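My notes follow in the order I took them.

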Amino acid sequence: MFKNTFQSGFLSILYSLGSKPLQIWDKEVVDGHVKRIQDDDIQSNVLEILGTNVHSSYITCPPDPAATLGIKLPFLLLILKNMNKYFTFEIQILDDKNVRRRFRASNFQAMTRVKPYICTMPLRLDEGWNQIQFNLADFTRRAYGTNYVETLRVQVHANCRLRRIYFSDRLYSEEELPPEFKLYLPMQKA
């Protein structure tokens, strides 16, 4: 999808305030929903993914199973809300040995397990809104001893609320981020 696109800085693949946030996504929902709602904490529209089973309710990008994202930027960032329920997300990457590998982070997993094609790891979320920073190059090197080439697919499962999912060439400080990439929490009234 983005293979022939010039990639530097930021590349957003989901933004809850966009006119069609799921334009380049497919959704699978069993006993749950994927819909845009107003989040009271941040007073803004967000995408909510809820389901009774994390594995049967999710969104995936790109929508075509045969297509790939082709994103070379090594940092994946997700701005999401902890719903205090089971939650997992998965990234499929290509390494320099031309092997497709997956990383799956879950808040119900207790320990990291590295298998030849999938690395599962625990994810600790704070109460409320979180920014997850995922260094794909570092994880690929540490888990498989190979080099990250590109991201092929991103899948986000129930249960969470999403504000934005984007890739970047490096980690940026809060001051360096464009305004639309920041998560503004309303000021508390004194």
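I started with Asp39. It forms a salt bridge with Lys81, and the closest N and O atoms are 2.9 Å apart. The model is predicted, so I read this as a computed distance. I then looked up where the two partners sit. Asp39 is in strand 3 (residues 32-39) and Lys81 is in strand 6 (residues 75-82). They are 42 residues apart, so I noted a link between distant parts of the chain. Are Asp39 and Lys81 buried or exposed? Both are buried; the cut-off for that is under 20% relative accessible area.

Next I took Lys72 and Glu150. Their side chains meet in a salt bridge at 2.8 Å, N to O. Lys72 lies in the loop between strand 5 (58-61) and strand 6, and Glu150 lies in strand 12 (residues 148-157), so the pair ties together parts that are 78 residues apart in sequence. I checked accessibility for each partner. Lys72 has a relative accessible area of 43% and is partly exposed. Glu150 has 3% and is buried.

Glu90 belongs to strand 7 (residues 88-95), Arg104 to strand 8 (residues 100-106), and 14 residues separate them. Glu90 counts as buried at 10% relative accessibility. Arg104 is partly exposed at 22%.

I also looked for shared partners. A search of the whole structure gave twelve salt bridges.

Then I turned to the nonpolar packing. Which residues touch the most other members of the largest nonpolar core? They are Phe89, Val156 and Leu162, out of 38 residues in that core. Strand 13 (residues 160-168) gives the most to this core, with four residues.

Last, I noted a second, separate core of eleven residues. Ile42, Leu77, Tyr166 and Leu177 are included in it.

Note on methods. Residues numbered from 1 in each chain as written. Predicted model: local features only at pLDDT ≥ 70, side-chain atom pairs only at ≥ 80, totals over all residues. Heavy atoms only, no water. Salt bridge = Lys/Arg side-chain N within 4 Å of Asp/Glu carboxyl O. Helix = DSSP H or I, 4+ residues; strand = E, 2+ residues; numbered from the N terminus. Buried < 20%, exposed > 50% of the residue type's maximum accessible area, 1.4 Å probe, protein only. Core = buried A, V, L, I, M, F, W, Y, C linked by side-chain atoms within 4.5 Å.
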